[in-house]
Amino acid sequence: MKSKLPIIIFGYAFPHKKTCDFLSLMVDMGFEDLHVIGAPKILLKGNQESKLNEDYSSKFDVKKRCSLLNISFTECMHDNVKEINEIKKSIGAEIAIISGARILKAKIIRLFSEGVVNFHPGKIPETSGLDSFYYTIKNQIPMGVTAHLIDYRVDAGNFIFFETLRICKDDTF
């Protein structure tokens, strides 16, 4: 399947495995008109700067992966309405997908007439938040991934689907 549908991918501008894996998967699936908006690293309150080993940094360098896959890349804070809107208009994107982002503000979400898709690692609303894996186990909820169009609330919005993951006895945490 080839798709020339222009899509903005919200990701990170620092080494990030999920974003790199996601980009490779999108290209493998035939998506051709992708543009990554990579948010720079921000040191959050209470967190110390962690030093990534050189192999990880090289292997999951988002900007380098974009270059290898012929995907355009812009480093930009995910709350910069003006710049994101300019990028969106220049490529004609009406939909975005999150591969790595902090909470997107409503004014960013509203830029995309078709919405912003998120894949949450758990069933929502039952496992909303960063500890979805913990709540999946604690509350004995089926393990899986929820796809949804986000809104201004965390892990909420229009439900697309929930895909249950098969768990094997050889799986580890």
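Select F119 and show its contacts (heavy atoms within 4.5 Å). Leaving aside neighbours within four places in sequence, F119 is in contact with K18, F22, I97, V145, T146 and A147. Before you go on, note that this is a predicted model, where local features need pLDDT of at least 70, side-chain atom pairs count only at pLDDT 80 or more, and totals for chains, interfaces and linings use all residues. Residues are numbered from 1 along each chain as its sequence is written, and side-chain values use heavy atoms, with hydrogens and water left out.

Stay on F119. It is found in strand β5 (strands are DSSP runs of E, at least two residues; helices are runs of H or I, at least four; both are numbered from the N terminus). F119 counts as partly exposed, because its relative accessibility is 31% (buried is under 20% relative accessible area, exposed over 50%, partly exposed in between, with a 1.4 Å probe and protein chains only). The C-alpha atoms of F119 and T146 are separated by 5.6 Å, though the two are 27 residues apart along the chain.

Next, select S132, in helix α6 (residues 132-138). Is S132 buried or exposed? S132 counts as buried, because its relative accessibility is 4%. A polar atom of the S132 side chain lies 3.0 Å from the backbone oxygen of P121. Beyond its neighbours within four places in sequence, S132 is in contact with H120, P121 and T127.

Of its 17 residues, I7, I9, M26 and V36 touch the most other members. β1 (7-12), α1 (17-28), β2 (34-39), α3 (62-68) and β4 (95-98) each supply at least two residues of this core. The most come from α1, with 4 residues. Apart from this core lies another, of 16 residues, among them I84, A96, L104 and I108.

Pick V36 on its own. Leaving aside neighbours within four places in sequence, V36 is in contact with I9, L23, V62, C66, I71, S72, F73 and T74.

Last stop: the largest pocket. A pocket is an open set of points on a 1 Å grid over the protein atoms alone, where a 1.4 Å probe fits, with protein on both sides within 12 Å along at least five of seven lines; lining residues have an atom within 4 Å of a point. About 750 Å³ of space lies in the largest pocket. Of the 25 lining residues, A101, R102, N118, L130 and D155 are the closest to its centre. Colour β5 (115-120) and β6 (144-150): each supplies at least two residues of the lining.

Technical notes
Points joined across faces, edges and corners; volume = space filled by probe spheres on them. Polar contact = N/O pair within 3.5 Å; in protein donor to acceptor, adjacent residues only side chain to side chain. Core = buried A, V, L, I, M, F, W, Y, C linked by side-chain atoms within 4.5 Å.
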